[in-house]
Amino acid sequence: MLPALYSLKAMAPEISAAATFLSKFLRTRGRISDRQLQTFSQSLQDLLAEHYKQHWFPEKPCKGSGYRCIRINHKMDPLVGQAGECIGLSNEQLFGLLPSELTLWIDPYEVSYRIGEDGSICVLYEDTPAGGNGQSAGSTMQLVDSRISCKDELLLGRTSPSKSYAMMTVSS
């Protein structure tokens with residue numbers, strides 16, 4: 001049981017980055033109160049932590065990546081749907097607020113997303129392990145403000161980002 005508790009703590013920054021990212025869509029596209037956004041974000045974080053607790057491998061970050069992938073593509077991701085239900089949003093309402101095609105990968109040390117099937121992959125959160133022992137080095141944490149065009153496309157509601165890739169990092 002102790003390894004699972006360590007894993008829950010270890011995955012908190014990545015899960016928080018993913019929940020914040022999805023919450024921003026609800027904030028910008030819907031009439032959702034701050035309290036509802038907080039409830040959605042916390043519910044999603046709790047659901048993801050429970051779902052991932054046996055599938056988080058800091059020593060092998062790619063292991064289990066498919067299991068930890070949030071996918072919206074003509075079908076609502078069940079965990080996002082459950083978090084939406086906590087604030088009274090149906091899957092249909094969520095489809096109206098979130099991109100119609102979204103893939104969000106939540107892996108140890110990195111959270112990235114793609115909008116559209118042919119879109120570029122943009123990094124939301126990035127960290128590096130300390131000393132190769134699978135533990136995160138808190139002082140090296142970086143939030144990645146994805147490429148300017150990714151941000152612009154999110155605001156414009158495009159379903160497929162352009163192919164160019166450049167990123168700007170913001171130190172915390």
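Predicted model: local features only at pLDDT ≥ 70, side-chain atom pairs only at ≥ 80, totals over all residues.
Helices (H or I, at least four residues) and strands (E, at least two) are DSSP runs, numbered from the N terminus. Local features need pLDDT of at least 70 and side-chain atom pairs count only at pLDDT 80 or more, while totals for chains, interfaces and linings use all residues. Residues are numbered from 1 along each chain as its sequence is written, and side-chain values use heavy atoms, with hydrogens and water left out.

- Helix 2 has 18 residues and reaches 26 Å from its first C-alpha to its last. That is close to the 26 Å expected at 1.5 Å a residue, where the expected span is 1.5 Å times one less than the number of residues.
- The buried residues of helix 2 are E14, I15, A17, A18, A19, F21, L22, S23, F25 and L26. Here buried means under 20% relative accessible area, exposed means over 50%, and partly exposed is in between (1.4 Å probe, protein chains only).
- In helix 3, the buried residues are L37, F40, S41, S43, L44, Q45, L48, A49 and Y52.
- P13 also belongs to helix 2, and it counts as partly exposed because its relative accessibility is 29%. Its C-alpha atom is separated by 9.2 Å from that of P108, 95 residues apart along the chain.

**How helix 2 meets helix 3**

- Two packed helices are described by the angle between their axes and the distance between the axes.
- The axes of helix 2 (residues 12-29) and helix 3 (residues 34-52) come within 9 Å and cross at roughly 145 degrees. Axes are lines fitted to C-alpha atoms, for helices over the stretch in contact, and angles run from 0 to 180 degrees between N-to-C directions.
- This crossing of helix 2 and helix 3 is right-handed. A crossing is left-handed if the near helix is turned anticlockwise from the far one by less than a right angle, and right-handed if clockwise.
- On the helix 2 side, I15, S16, A19, T20, L22, S23, L26 and R27 meet D34, L37, F40, S41, L44, Q45, L48, A49 and Y52 of helix 3. Contact means heavy atoms within 4.5 Å.
- By class, this contact of helix 2 with helix 3 has ten nonpolar, five polar and two charged residues. Ala, Val, Leu, Ile, Met, Phe, Trp, Tyr, Cys and Pro count as nonpolar, Asp, Glu, Lys and Arg as charged, and the others, Gly among them, as polar.
- Q45 is buried because its relative accessible area is 19%, and it touches I15, S16 and A19, not counting residues up to four places away in sequence. The C-alpha atoms of Q45 and A18, 27 residues apart along the chain, are separated by 8.4 Å.

**How helix 3 meets helix 4**

- The axes of helix 3 and helix 4 come within 8 Å and cross at roughly 145 degrees, and this crossing is right-handed.
- F40, S43, L44, L47, L48 and H51 of helix 3 meet L79, V80, Q82, A83 and G84 of helix 4. By class, that contact has seven nonpolar, four polar and no charged residues.

**The nonpolar core**

- The largest nonpolar core has 37 residues, and those with the most contacts inside it are L22, L26, L44, V80, L98, L104 and I106. Such a core is a set of buried Ala, Val, Leu, Ile, Met, Phe, Trp, Tyr and Cys residues joined through side-chain atoms within 4.5 Å.
- The largest share of this core, eight residues, comes from helix 2.
- Setting aside neighbours within four places in sequence, L26 is in contact with I32, L37, F40, I87, L89, L94, L97 and L98.

- S112 is in strand 3 and is buried, at 4% relative accessibility. Beyond residues up to four places away in sequence, S112 touches T103, L104, W105, I121, C122, V123 and L124.
- H74 has a positive phi of about 65 degrees although it is not a glycine. H74 lies in the loop between strand 1 (69-73) and helix 4 (78-85), and it is exposed, with a relative accessible area of 69%.
- Y109 is not a glycine either, and its phi is positive, near 75 degrees. Y109 is found in the loop between strand 2 (101-107) and strand 3 (110-115), and it counts as buried at 7% relative accessibility.
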